[in-house]
Amino acid sequence: MNVHRFARIVLALATTVTLAAGPAGAAKRPPTELLGVRLDMPEHEVQRRLLRIGTVVAGAGTPKQSWALRNRRYGYLVVRYGPDWRVRWVTGFARKEGRRIRYGDIADLKDAQRSGYYIFTWYVTPPDGGERYLVSARGSDSLYVSSVSLSRGGTRSSVPSAAPADTSE
């Protein structure tokens, strides 16, 4: 193989690897939804989406509902509605035997605020100037997430609890 042909092959491979990795500096943005559920989504829309992949197991007809899911990554989803019956926060709980979710799968870790050992929080201002929201990923080890939450506000108190213990609020 001559030197010119070898150089073209190396250049082609380098270009392919660069394109596959994405544009330089393209960080993974925090999610705007969780399994199709967005903040401020009306309750009837949430029901329509979640009935395709799960069933309500607690809190049907109340402002706080728990759903058991048929999903490879998430086993449960808890949704809390505000007084206007729009989503105030949503938390997905990773399926223990499912496809594992790494913290970096949620968003770029360098943009997160870390609190405790395994809690990462992203404070997100939407590019369209919408209301600020939080994305919080919690886990019990350094690699994999146990739960992911989206909530309104910019304070620690607005992040929902990591455990779906009480669903009758």
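**Aromatic contacts, strand pairing and pockets**

In the predicted model, Y81 is buried, with a relative accessible area of 3%. The ring of Y81 is paired with that of W85, and because the two planes stand at 40° to one another, with the centres 5.5 Å apart, the pair is classed as tilted. Another tilted pair is formed by Y117 and Y118, for which the separation is 5.9 Å centre to centre and the angle between the planes is 40°. Y117 has a relative accessibility of 66% and therefore counts as exposed, the threshold for that class being over 50%, while Y118, at 27%, counts as partly exposed. An aromatic ring is also approached by a charged side chain: R100 lies over the face of Y144, at a distance of 3.9 Å from the ring centre.

The strand pairing was examined next. Strand 7, which spans residues 113–115, and strand 8, which spans residues 119–124, pair in the antiparallel sense over three bridges, and within this pairing S115 stands opposite I119 of strand 8. Together strand 7 and strand 8 form a hairpin with three residues between them, and in the turn G116 adopts a positive phi of about 70°. Strand 8 is joined in turn to strand 9 (residues 133–138) by six bridges, and these strands likewise run antiparallel; here F120 has A137 of strand 9 as its bridge partner.

The largest pocket has a volume of about 250 Å³, and of the 14 residues that line it, A94, R95, K96, V145 and S146 are the closest to its centre. The lining of the largest pocket is made up of five nonpolar, three polar and six charged residues. For the second largest pocket the volume is about 220 Å³, and its lining likewise comprises 14 residues, among which T32, L39, P126, Y133 and R152 lie nearest the centre. In the lining of the second largest pocket, six residues are nonpolar, two are polar and six are charged.

Definitions and conventions: Residues are numbered from 1 along each chain as its sequence is written. This is a predicted model: local features need pLDDT of at least 70, side-chain atom pairs count only at pLDDT 80 or more; totals for chains, interfaces and linings use all residues. Side-chain values use heavy atoms; hydrogens and water are left out. On a 1 Å grid over the protein atoms alone, a cavity is a set of points where a 1.4 Å probe fits but cannot get out, and a pocket is an open set with protein on both sides within 12 Å along at least five of seven lines; lining residues have an atom within 4 Å of a point. Grid points are joined across faces, edges and corners, and a volume is the space filled by probe spheres set on the points. Ala, Val, Leu, Ile, Met, Phe, Trp, Tyr, Cys and Pro count as nonpolar, Asp, Glu, Lys and Arg as charged, and the others, Gly among them, as polar. Two strands pair if DSSP finds at least two bridges between them. Helices (H or I, at least four residues) and strands (E, at least two) are DSSP runs, numbered from the N terminus. Rings of Phe, Tyr and Trp (its six-membered ring) pair if their centres lie within 6.5 Å; planes under 30 degrees apart count as stacked, over 60 as edge-to-face and the rest as tilted. Buried means under 20% relative accessible area, exposed over 50%, partly exposed in between (1.4 Å probe, protein chains only). A charge sits over a ring if NZ of Lys or CZ of Arg is within 6 Å of the ring centre and within 35 degrees of the ring normal.
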